[in-house]
Amino acid sequence: MQLTTTTTTALWTALLSAASVAAHGHVTNIVINGVYYEGFDIDVFPYEDDPPVVVGWTTPNTGNGYIPPSEYAEPNIICHENATNAKGYAVVGAGDKINIQWTAWPDSHHGPVLDYLANCGDDCSTVDKTTLEFFRIDGVGLVNDTDVPGYWGDDELIDNDSSWLVEIPPELAAGNYVLRHEIIALHSAEELDGAQNYPQCFNLKVTGTGTLSPTGTLGTELYQSTDPGLYIDIYSTLTTYEMPGPTLISGAVSVSQSSSSITSYGNATTADDSSATAAAAATTAAAAVSTTAAAVAAADTAAADTSAAAAASVVSITAAPTTFVTATVASTSAAAPASSSAAGDDGDDGDDGDDSDCDDGDDDDDDDDDDDDDDDDSGDSSADSYVASSTAAAAVAATTPAPTTAAVAGSSSSSDTQSMYGQCGGVNWSGATACASGASCYSYNAYYYQCIATS
Ligand SMILES: [Cu+2]
């Protein structure tokens, strides 16, 4: 039985919903051109002696907590509580999009979504986070306030299969960068120190020929507790919303939200890997998850233990960053994109934030949005600040279920041409090997060839 892309997305949402006891949330993984890179699994890795190398920064934040404004001048605001550097990174082309996938996000926690980058110099796995200077590459605040407390960036994230799409600025200079992705929940922000920041960091190696090298702001200087976008009563009618933090850089590209289909699994690259000839790197295992019988079975049961097994299999796939994984996921499980389950979600916040503040919203905290088909392609993402208008609501209402379908493993034939920055070859690659006009196929390693601009 063939599952459509939409069905597959619904399946994963179902698995996530079944497995998650929503406290707040965290990023489970990122997806770049269909390749899945695991984040730091707070439900599992903190309890392991030797957790796998991943692209997500390490946090012992097992309670899904947040950083309050009282810590805006402290290192915790940079990449979350007691965060330490990710040991691996993902390779991404300038102009590529990254889909950042979260556990279910509570729909009472309205607020903006923002993304920043900071250049690490030689190595993001060892850089001192307090020296990183972040510049902002996107941000969506209040989309419309038709229905107070409004429809916000993170509501768009919820409606986008709990994921956020961000584009690396096309002209960004090549180099090593920390991606700082953040939701700020404002449901208690009518009180000073009531905002809740949920920063999540990932290491990237950006490739390209651009020269854009923006100046940035130290993480500990991004916000002030009295910023109008952080000390605000969202339960009153708002005519404007001022995004907190530094202004968007010129050269940033805001994109319409859509979620990305996962067509293969990649391992985090490490500094050691990058000097080796083969192995690791942006390894891709051609896991045709959308067409497996196992996936169908999982859809029928969608029980917590099923998703737990799936999550475990993902861990095992990515646990060996120096070994190329040839097995497809088909025989093992539906390979749910990560997340929670067995290990307790109900732990204490583990930071100064008081969890009791979290239910002030007028919506049910745990009411996961199962309406997974209403991807919002309205293009409102570019709105940096909200100004009331009669067209905003209409734009949001427009729904076009159009998840990314480009470069789905097995669905393209070798006679196709791959678009810019898509994969065009490598061991086990069965998709297009020719690049669209203006691009050439470049071999990063034996397992990953990518279409990049012909210089
Ligand atoms: Cu909360």
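This is a predicted model: local features need pLDDT of at least 70, side-chain atom pairs count only at pLDDT 80 or more; totals for chains, interfaces and linings use all residues.
A cavity, as the word is used here, is a set of grid points where a 1.4 Å probe fits but cannot get out. Rolling a probe the size of a water molecule over the atoms shows where empty space is left. The structure holds seven cavities of 30 Å³ or more, and the largest cavity contains about 110 Å³ of space.

A total of 14 residues line the largest cavity, and those nearest its centre are Val27, Phe40, Trp57, Thr59 and Gln200. Strand β11, spanning residues 196-207, gives the most to this lining, contributing four residues.

Turning to the chain as a whole, the fold includes seven helices and 20 strands. Of its 455 residues, 57% count as buried. Among contacts in the chain with a separation of 6 or more, 76% join residues 24 or more positions apart. The protein chain exposes about 16500 Å², with carbon and sulfur atoms supplying 50% of that area.

The mean pLDDT of the protein chain is 72, and 59% of the residues reach 70 or more. Over residues 1-22 the pLDDT stays under 50, and the model has 53 contacts beyond four places in sequence for this stretch. Residues 359-414 likewise have pLDDT below 50, and the model gives this stretch 119 contacts beyond near neighbours in sequence.

Methods. Residues are numbered from 1 along each chain as its sequence is written. Side-chain values use heavy atoms; hydrogens and water are left out. pLDDT is the predictor's confidence in each residue, from 0 to 100. Contact means heavy atoms within 4.5 Å. On a 1 Å grid over the protein atoms alone, a cavity is a set of points where a 1.4 Å probe fits but cannot get out, and a pocket is an open set with protein on both sides within 12 Å along at least five of seven lines; lining residues have an atom within 4 Å of a point. Grid points are joined across faces, edges and corners, and a volume is the space filled by probe spheres set on the points. Helices (H or I, at least four residues) and strands (E, at least two) are DSSP runs, numbered from the N terminus. Buried means under 20% relative accessible area, exposed over 50%, partly exposed in between (1.4 Å probe, protein chains only). Accessible areas come from the Shrake-Rupley method with a 1.4 Å probe; for residues, only the protein chains shown count as cover.
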